[in-house]
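Please open the model in your viewer and keep a selection tool at hand.

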Amino acid sequence: MAKTFTSGEVLTASDVNVNLATLMPMIPTSVAGAGVTFSTTTGLVTLTAAASASLNGVFTSTYSRYVIHFDFPTTSTNLTFTARLRASGSDNSGSVYDIQQNISRGNDVSSPASVNSLAQSSWSFANNTATRLHFGSMELVRPATATPTMMISEMFGTLNAATAAATTGITLKGGLHRDSTAFDGISIICSTGNATGTIKVYAYN
């Protein structure tokens with residue numbers, strides 16, 4: 001239930017953060033990776049031919065849910081995007097990432113490919129073909145509390161223009177990080193080559 005404000009009442013920072021913002025843009029405390037920059041005003045993270053991008057300080061216990069928006073119009077080659085949770089500037093790369101994925105293309109929507117991968121060292125959340133435009137989002141539940149973290153992501157890719165059914169595709173994935181660990185950041189990693197685009201993190205309860 002939303003708080004009801006009265007005439008003349010002073011709005012505190014907590015009031016604004018919790019009650020007024022539907023999606024709160026999260027501004028990283030820092031970023032890491034060659035070709036990675038960010039706006040200290042909007043929190044937008046920009047990748048320019050970057051092999052990876054690490055975002056620090058984007059998760060706090062103030063919020064329980066986070067949405068990460070991705071826009072990757074350019075990659076140097078065919079690659080897979082993966083993600084690792086991080087704390088205090090270090091990635092968690094243990095074999096604690098489980099993922100279930102379904103992949104559909106325009107010509108096989110009725111029978112999408114399904115893959116179940118357990119005990120991985122990262123979440124793979126998108127396959128990118130160098131000639132396609134890709135965008136999507138990832139949602140995380142309770143990454144900044146000492147409980148297992150759940151993830152769901154969706155990515156869409158297409159040629160410009162989409163010349164046939166097989167030139168578009170959507171990937172839907174769900175994942176679990178098994179450890180009961182509080183994390184404050186995330187790394188987005190290219191399996192090979194590099195990517196150009198943007199990442200932005202939002203929080204809500």
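## Charged pairs

Begin by selecting Asp91, which is partly exposed, with a relative accessible area of 27%; bear in mind throughout that this is a predicted model. Arg86 itself counts as buried, because its relative accessibility is 6%, under the 20% cut-off.

The count of salt bridges comes to two, and for the other pair select Arg178 and Asp98, whose closest N and O atoms are 2.8 Å apart. This pair links distant parts of the chain, 80 residues apart, with Arg178 in the loop between E14 and strand E15 (185-190) and Asp98 in strand E9 (residues 97-105). Arg178 is partly exposed at 39% relative accessible area, whereas Asp98 is buried at 12%.

## The nonpolar core

Next, select Phe59, Ile186 and Ile199, which touch the most other members of the largest nonpolar core, a set of 38 residues. Centre the view on Ile199, and look for its contacts beyond four places in sequence, among them Leu44, Phe70, Phe72 and Ile188.

## Out to the surface

Now select Phe135, Phe156 and Ile170, which form a nonpolar surface patch with about 280 Å² of accessible area together. Ile170 belongs to strand E14 (residues 168-177), and its relative accessible area of 41% makes this residue partly exposed.

Finish at Thr158 in strand E13 (residues 149-158), which counts as buried at 15% relative accessibility and touches Arg132, Leu133, Thr167 and Thr168, leaving aside residues up to four places away in sequence.

Definitions and conventions:
Residues numbered from 1 in each chain as written. Predicted model: local features only at pLDDT ≥ 70, side-chain atom pairs only at ≥ 80, totals over all residues. Heavy atoms only, no water. Core = buried A, V, L, I, M, F, W, Y, C linked by side-chain atoms within 4.5 Å. Buried < 20%, exposed > 50% of the residue type's maximum accessible area, 1.4 Å probe, protein only. Contact = heavy atoms within 4.5 Å. Patch = residues over 30% accessible without salt bridge, like charges linked within 9 Å, V, L, I, M, F, W, Y side chains within 5 Å. Areas by Shrake-Rupley, 256 points an atom, 1.4 Å probe, with all protein chains shown as cover. Salt bridge = Lys/Arg side-chain N within 4 Å of Asp/Glu carboxyl O. Helix = DSSP H or I, 4+ residues; strand = E, 2+ residues; numbered from the N terminus.
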